[in-house]
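Dear colleague,

Please find below the structure that I was asked to pass on to you. My notes on it follow directly after.

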Amino acid sequence: MLMPNNLIAKSLEYINQSDQGLVEIKKLQQAQEVISSIYRQQKGTSFLTTNEQVKAYFIARMPATFASIYQCLSELPFENPPQTLLDLGAGPGTATLAAIEKWSSLKESTMVESHKLMFEFNQKLFSFLNLSTSINHLQADLTKITFRKSFDLVVLGYVLGELQNEEQLKVVENAWNVTSRFLLIVLPGTPFDYDIQMKTRDFLISKGGFVLAPCPHQKECPLKRTKDWCHFSVRLNRTKVHQKIKQATLAYEDEKYSYLLFSKEPVEHLSKRIIKKPIQRAGHVIMDLCTLEGIKREIISRKDKASYKKALKTDWGEIWSDTDN
Ligand SMILES: C[S@@+](CC[C@H](N)C(=O)[O-])C[C@H]1O[C@@H](n2cnc3c(N)ncnc32)[C@H](O)[C@@H]1O
């Protein structure tokens, strides 16, 4: 899928015209190095201490979280898209931007963020963007906040891993209680985050939730007792400034992520999920699939013309449906 990034491009105009602008590229490179070191030490965003670090997050990290969240939003049913969004641990407003990029019809987004500098950046950015979606900003701690109304879609984007173990399910429960339709949780695609994903999945199923994606069933994850873990990948183009700040030679990067999309309504599971990059060999494509019956490897032969043609175009993370092969 080609990743649309119109709102990222527009947001970069804000950075370009705001205070020191991009003339300070050296400072942003240094800030990016600090962020990388913070992440290497498995510390969270609360360790960002300067406006340059927040800007560097926006330019060099947010496009990847935007891309994976956008990809996950594509798993929601096409008809009747959400009208109201609650973006928890919003950072610069990533899930909100991804949702508006996807559905320009989104009526309202409420963003909750505790980090002062990130919160202020977010407020100024959205004031600059002046979008038709109604935007509410709340500077608050997710572990303490309560809501008086519900939202069609609640997103926890790259935030659960920043909470204490004992806070994670409390925040998930609050998020689940406050959604009227869907809850999306996105995490980095590491084995560490897979453990959080599994704990959350079990918890939401116990609360009566229905897994919409990525799992094609409600049973125990068949990867749980293996060395593997459930994760996916999205490719995004780097802007020139993104490349400069990371001092990167490639004009793109691949973001590995994992996610859970839960629905309040029952879900009919008819498909299989492609859980690894399909392997294209001469005359056949090898697909590793998560199915109702567990993990299965299917070999799609060139002889089966329609399926083979489809397999060549289908990628890791997408669904593989027998019904329309
Ligand atoms: C890794 S960033 C992700 C930001 C954004 N959701 C994204 O996907 O790009 C995590 C965000 O969650 C915020 N956060 C962490 N703990 C929080 C808490 N207890 N309450 C509110 N926000 C929190 C951090 O300040 C940070 O902005």
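The exposed residues K26, S37 and R40 sit on the face of helix α2 that is turned away from its buried side. Helices (H or I, at least four residues) and strands (E, at least two) are DSSP runs, numbered from the N terminus. A residue counts as buried if 20 or more other C-beta atoms lie within 10 Å of its own, as exposed if 12 or fewer do, and as partly exposed in between, with C-beta atoms placed from the backbone.

This is a predicted model, in which local features need pLDDT of at least 70 and side-chain atom pairs count only at pLDDT 80 or more, while totals for chains, interfaces and linings use all residues. Residues are numbered from 1 along each chain as its sequence is written.

The buried residues of α2 are L28, A31, Q32 and I35. Seen down the helix axis, they fall within an arc of 105 degrees (taken from the directions from the axis to the C-beta atoms), so they line one face of α2. Just after α2, Q42 has a positive phi of about 55 degrees.

Turning to the strands, β4 (residues 151–157) is mostly covered, with six of its seven residues buried. Two strands pair if DSSP finds at least two bridges between them. Strand β1 (residues 84–88) pairs with β4 in the parallel sense over four bridges, and L153 is the bridge partner of L85. Strand β5 (residues 179–188) runs parallel to β4 and is joined to it by six bridges; here F182 stands opposite L153.

Yours sincerely
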